[in-house]
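Here are my notes on the model, point by point. Have it open beside you as you read.

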Amino acid sequence: MTDTSNGRTGAAVRLDGVTFSYGEASMAFDLTVEAGSITAIMGPSGSGKSTLLNLVAGFETPKSGRVLIGDRDVAHEPPAARPLSMVFQENNLFAHLDVAQNVGLGRSPALRLTPSDRTAVSEALVRTGLGGKEHRLPRELSGGERQRVALARVLVRDRPVLLLDEPFASLGPALREDMLGLVADLHAERGMTVLFVTHQPEDARRIGETMVFLEDGKITAIGEVSKFFGKHGPEAFRRYIGSVAGSLQSHGIARKRT
């Protein structure tokens with residue numbers, strides 16, 4: 001189902017009895033994500049966060065269960081056939097193509113672009129702050145600009161679901177804040193359903209509506225982000241953010257006070 005209330009045009013995402021095995025690691029997910037919502041996915045390394053996204057995206061195939069986007073079971077469909085876009089940490093740009101061409105791939109993998117496609121690319125570049133940089137190569141861009149290219153490609157694809165697998169992890173605090181703001185703005189404009197993996201509690205607090213917390217290949221807590229950060233938040237989550245804060249302090253990084 002697509003939610004068109006309040007201007008939202010995202011699609012609900014549901015993992016129904018999904019199981020997956022990787023070596024000796026077994027995972028099991030039951031999850032319903034409301035259409036048009038922003039859901040943060042957190043948990044310790046190896047807990048299954050990226051695997052969960054990859055099951056939705058089609059880069060992994062479940063051993064059993066259904067993966068539904070809207071009312072459609074896509075569990076055995078290839079990634080390209082699914083109504084979603086995904087942005088990775090490494091931004092997945094082609095080094096030999098310029099900015100406009102990398103964005104144009106979102107409309108045509110063969111870059112056979114119609115005039116309306118080219119207009120959409122130009123508009124997406126302006127919207128993401130890349131106007132005037134159409135002919136630059138990825139190596140001529142900063143890390144934040146490369147991620148903006150990836151988000152511009154999301155805009156021209158215009159899919160109801162957006163998956164983000166720690167795409168801003170390598171950016172400094174100020175750039176990461178800018179990119180989170182851009183995602184929030186694009187979500188407000190397009191209403192797509194957003195699922196994003198992060199190790200940064202402040203990222204979840206900044207733009208998340210719902211939190212999904214994973215441990216050992218299972219979802220152990222789910223609810224409103226604000227409740228996770230309250231004094232009665234899940235104990236496992238409180239332990240986790242305590243360990244994250246300790247790790248930052250041990251590396252000489254001051255944690256922002258809130």
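1. Ground rules for strands first: helices (H or I, at least four residues) and strands (E, at least two) are DSSP runs numbered from the N terminus, and two strands pair if DSSP finds at least two bridges between them. This is a predicted model, where local features need pLDDT of at least 70, side-chain atom pairs count only at pLDDT 80 or more, and totals for chains, interfaces and linings use all residues. Residues are numbered from 1 along each chain as its sequence is written, and side-chain values use heavy atoms, with hydrogens and water left out.

2. Start with strand E4 (residues 64–69). E4 and strand E5 (residues 72–73) run antiparallel, with 2 bridges between them, and isoleucine 69 sits opposite arginine 72 in E5.

3. (A salt bridge here is a side-chain nitrogen of Lys or Arg within 4 Å of a carboxyl oxygen of Asp or Glu.) For burial, under 20% relative accessible area is buried, over 50% is exposed and anything in between is partly exposed, using a 1.4 Å probe and protein chains only. Arginine 72 is partly exposed because its relative accessibility is 35%; glutamate 77 is partly exposed too, at 23%.

4. How many salt bridges does the structure hold? There are 10. One of them joins glutamate 145 and lysine 133, with the closest N and O atoms 2.3 Å apart. This pair ties together distant parts of the chain, 12 residues apart: glutamate 145 is in helix H4, and lysine 133 is in the loop between helix H3 (115–127) and H4. Both glutamate 145 and lysine 133 are buried.

5. Next, look at arginine 176 and aspartate 203, whose side chains form a salt bridge at 3.0 Å, N to O. Here helix H5 (residues 173–190) holds the arginine and helix H6 (residues 201–207) the aspartate, 27 residues apart. Are these two buried or exposed? Arginine 176 counts as buried because its relative accessible area is 13%, and aspartate 203 because its value is 6%. Elsewhere, salt bridges with shared partners connect Arg14, Asp16 and Arg66 in one network.

6. Helix H1 (residues 49–57) is mostly covered, with 8 of its 9 residues buried. Just past H1, glycine 58 has a positive phi of about 100°.

7. Last, the largest pocket, at about 550 Å³. On a 1 Å grid over the protein atoms alone, a pocket is an open set of points where a 1.4 Å probe fits, with protein on both sides within 12 Å along at least five of seven lines; lining residues have an atom within 4 Å of a point. Points are joined across faces, edges and corners, and the volume is the space filled by probe spheres set on them. Of its 22 lining residues, Leu84, Met86, Asn92, Arg153 and Arg157 lie nearest the centre. Strand E6 (84–88) and helix H4 (143–157) each supply at least two lining residues, and E6 gives the most, with 5.
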